[in-house]
Protein chains: 2
Amino acid sequence: MAIMADSPADRVEQAVAARLRSHDVRFTTTRRLVVRTLAGARGPLAAGELHQALPRAVPLSSLYRTLAVLEESLVLAKQHDDLGMGRYELAEWLTGHHHHLVCESCGEVRDVTVSPETEQTITALVSRLASRAGYRATGHRIDIQGTCRACRAL
Amino acid sequence: MAIMADSPADRVEQAVAARLRSHDVRFTTTRRLVVRTLAGARGPLAAGELHQALPRAVPLSSLYRTLAVLEESLVLAKQHDDLGMGRYELAEWLTGHHHHLVCESCGEVRDVTVSPETEQTITALVSRLASRAGYRATGHRIDIQGTCRACRAL
DNA sequence: TTCCTTGCAAACGATTTGCATTGGA
DNA sequence: TCCAATGCAAATCGTTTGCAAGGAA
């Protein structure tokens with residue numbers, strides 16, 4: 001039997017495993033399931049959504065603890081959506097830099113990537129704006145509000 | 001005594017008064033104080049900050065109700081910061097379109113405006129990205145993360 | 001054994017709401 | 001007068017934490 005090529009999800013999982021190992025944090029079953037689920041998602045998930053999406057039941061308190069551990073290990077990044085709910089996604093060193101598309105009708109949040117050239121333009125703009133106000137820019141976040149196709153079809 | 005020229009804050013207050021009138025919503029003292037305070041702020045304020053900043057004590061529950069009324073009347077816009085706390089600011093039809101600078105050290109959020117030309121470039125980019133994913137863009141939000149001068153001096 | 005991780009239940013903090021009271025057009 | 005606005009206290013909801021039990025090294 002031939003050796004299988006790594007799927008992107010596999011590569012993510014291996015990278016996470018390495019990172020956790022080097023931080024002396026165990027890669028338990030629940031943690032692995034969370035990483036896998038987020039790797040398969042199209043955008044950041046709220047704790048409740050993740051709770052639904054997991055292949056096996058995990059109490060919310062445990063899930064939150066898992067998320068906290070993975071966030072501290074910089075495996076996950078946490079944001080808050082327009083309703084103030086925490087949303088979790090794989091950190092950008094695992095997925096690449098990207099932005100979010102938010103459907104104002106159903107609340108879905110979806111990843112979008114920008115070409116490196118455009119991203120560079122944005123970064124330059126952002127740095128300029130920041131320094132003009134006495135800030136040193138370290139990053140940026142762009143949320144595009146809109147309506148998804150499904151909601152428009154309703 | 002000569003008639004005083006309207007200050008920007010006055011103009012905002014008059015515009016708000018007109019809007020509330022046409023929506024049959026009273027412009028009470030507390031509501032006026034909230035609008036004035038937000039008009040004088042450098043960025044969106046959390047309910048707690050607003051509570052501190054108001055010239056006279058207003059119970060938090062009343063403050064939240066005031067904020068809800070003003071938000072429904074589209075006088076205020078509400079966002080959530082990185083910690084998930086609600087932050088309120090005057091709606092963009094009163095202040096103009098702008099973005100936010102967020103100090104990752106002290107949490108301060110400050111308004112920044114972008115030149116119309118740049119803003120137009122951003123809008124075009126955003127529309128393109130959205131439609132590529134089947135979305136129709138209706139707006140965008142840019143948060144610039146960084147460190148403010150005060151925090152850098154520490 | 002010795003930590004780390006789990007699950008349940010209780011605690012939390014921001015925000016919201018029920019209800020009786022107050023106040024302005 | 002009379003409905004809207006207020007203040008207080010209690011309820012909500014997402015999230016966090018204390019503590020005892022279970023698991024892996």
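## Hairpin in chain B

B:Leu76 has B:Leu90, in strand 3 of chain B, as its bridge partner. The model is a predicted one. The pairing to which these residues belong joins strand 2 (residues 76-80) and strand 3 (residues 86-90) of chain B, which run antiparallel over 5 bridges.

Strand 2 and strand 3 of chain B make up a hairpin, with 5 residues between the two strands. In the turn, B:Gly84 has a positive phi of about 85°.

## Relation of the two chains

## Extent of the interface

Chain A gives 39 residues to the contact, and chain B gives 39 residues. Between them the chains bury about 3200 Å², with 56% of this area on carbon and sulfur atoms.

Polar contact across the interface of chain A and chain B involves 18 residue pairs, both residues being at pLDDT 80 or more. On the side of chain A that touches chain B, the elements giving two or more residues are strand 4 (99-103), strand 5 (109-112), helix 6 (116-132), strand 6 (136-147) and helix 7 (149-153) of chain A. Strand 6 of chain A provides the largest share of that side, 12 residues. Sorted by class, the side of chain A that touches chain B holds 17 nonpolar, 11 polar and 11 charged residues.

## Strand pairing across the interface

Strand 6 of chain A also pairs with its counterpart, strand 6 (residues 136-147) of chain B. The sense of this pairing is antiparallel, and the number of bridges is 11. Within the pairing, A:Ile142 stands opposite B:Ile142 of strand 6 of chain B.

## Salt bridges

Between chain A and chain B there are 2 salt bridges across the interface. One salt bridge links the side chains of A:Arg141 and B:Asp82, with an N to O distance of 3.9 Å. This distance counts as a salt bridge because the cut-off is 4 Å between a side-chain nitrogen of Lys or Arg and a carboxyl oxygen of Asp or Glu.

Terms used. Residues numbered from 1 in each chain as written. Chains lettered and ligands numbered in written order. Predicted model: local features only at pLDDT ≥ 70, side-chain atom pairs only at ≥ 80, totals over all residues. Heavy atoms only, no water. Contact = heavy atoms within 4.5 Å. Buried area = accessible area lost by both parts, 1.4 Å probe. Polar contact = N/O pair within 3.5 Å; in protein donor to acceptor, adjacent residues only side chain to side chain. Helix = DSSP H or I, 4+ residues; strand = E, 2+ residues; numbered from the N terminus. Nonpolar A, V, L, I, M, F, W, Y, C, P; charged D, E, K, R; others polar. Pairing = 2+ DSSP bridges.
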